[in-house]
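Me: I've got a model open and I'd like to learn how to read it. Can you walk me through it, feature by feature?

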Amino acid sequence: MKSRIVLVLCGSFNPITHLHLRMFERARDLLQQTGKYKIEGGIISPVHDAYGKKGLAEAKHRVAMCDLAVQTSDWIRVDHWESQQDSWKKTRETLSYLQGKVSAEYKDQDITVKMLCGADLLESFSKPGLWASEDIVEFVSKYGLAVISRNGYDAQKFVESRDELCTQKEKIHIIPEVIYNEVSATKIRRSISKGESVKYLIPDSVIEYIRQHNLYQVTHIFSAAVVGLYYA
């Protein structure tokens with residue numbers, strides 16, 4: 001019998017990009033091609049404002065942009081719980097909450113959430129003070145990882161170099177990406193602040209939301225002439 005999986009992508013989504021959505025599609029394809037899994041859904045969980053990342057838009061805006069971005073998907077949705085808590089929650093806490101929610105929704109105690117991430121986030125596990133080793137062990141052993149490869153990162157080598165990951169490597173799936181797309185939310189914010197076009201990098205509905213709410217320090221650029229740059 002195939003294992004039933006719901007993919008979970010945690011992050012800032014500041015703003016959400018087409019690359020975030022492509023991660024879900026690529027992971028679903030490759031995991032289901034193994035014949036071992038049935039992907040039942042995908043969940044995007046925007047981080048709490050208290051995460052404190054520089055330039056982080058308010059959660060209400062990031063959640064709204066995510067909601068708009070998934071309108072064209074019939075299997076990916078946005079969960080608001082993490083962003084609405086009284087304080088920032090660790091990834092393992094968010095995954096634990098979503099595991100309980102998914103089990104109840106599907107009325108199946110065997111269905112499992114699996115953390116979806118890029119190889120860059122995987123390698124951030126080694127950054128001092130960023131992740132607690134016991135947290136990594138807990139959520140990898142309980143839920144597993146689906147890691148999308150990225151240029152400049154050797155996910156397999158990294159897993160083998162870390163004891164807390166190597167011992168759980170059967171729970172870690174490295175998903176090779178064949179169409180590399182190095183879209184960066186940081187670069188998108190920078191382009192927006194300069195009045196440069198970001199069309200085809202993020203959904204049009206998200207571009208319009210950013211324009212309407214003057215996000216990413218763009219209030220000064222919305223003359224009729226410059227608005228054209230967004231959609232050019």
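Me: Let's start with the sheet: what order do the six strands have?

Reply: First, a word on the source: this is a predicted model, where local features need pLDDT of at least 70 and side-chain atom pairs count only at pLDDT 80 or more, while totals for chains, interfaces and linings use all residues. Residues are numbered from 1 along each chain as its sequence is written, and side-chain values use heavy atoms, with hydrogens and water left out. Now the general idea: strands of a sheet pair through backbone hydrogen bonds, either parallel or antiparallel. Here the sheet is open, with parallel pairing and the order β3-β2-β1-β4-β5-β6. Strands (E, at least two residues) and helices (H or I, at least four) are DSSP runs, numbered from the N terminus, and two strands pair if DSSP finds at least two bridges between them.

Me: Which strands stand at the edges?

Reply: β3 (76-78) and β6 do; each has a single partner strand, so one side of each lacks a neighbour in the sheet. β2 (residues 37-46) pairs with β3 over three bridges, and Ile44 sits opposite Val78 in β3.

Me: Which residues of helix α2 are buried?

Reply: Buried means under 20% relative accessible area, exposed over 50%, and partly exposed in between (1.4 Å probe, protein chains only). In α2 (residues 59-69), the buried ones include Arg62, Val63 and Met65. Their cover includes α1, β2 and β3, where contact means heavy atoms within 4.5 Å.

Me: What does Arg62 form a salt bridge with?

Reply: A salt bridge is a side-chain nitrogen of Lys or Arg within 4 Å of a carboxyl oxygen of Asp or Glu. Arg62 pairs with Asp49, their closest N and O atoms being 3.1 Å apart. Asp49 is in the loop between β2 and α2, 13 residues from Arg62 in the chain. Arg62 counts as buried at 0% relative accessibility, whereas Asp49 is partly exposed at 37%.

Me: How many salt bridges does the count come to?

Reply: It comes to 15. Another one joins Lys90 and Asp135, with 3.3 Å between the closest N and O atoms. That pair links the loop between α3 and α4 (91-106) to helix α6, 45 residues apart. Lys90 is partly exposed at 30%, but Asp135 is buried at 7%. There's also a salt-bridge network linking Arg4, Lys38, Glu40 and Asp108.

Me: And Val178, buried or exposed?

Reply: Val178 is exposed, at 61% relative accessible area; look for Val178 in the loop between β6 (172-175) and α9 (185-193).
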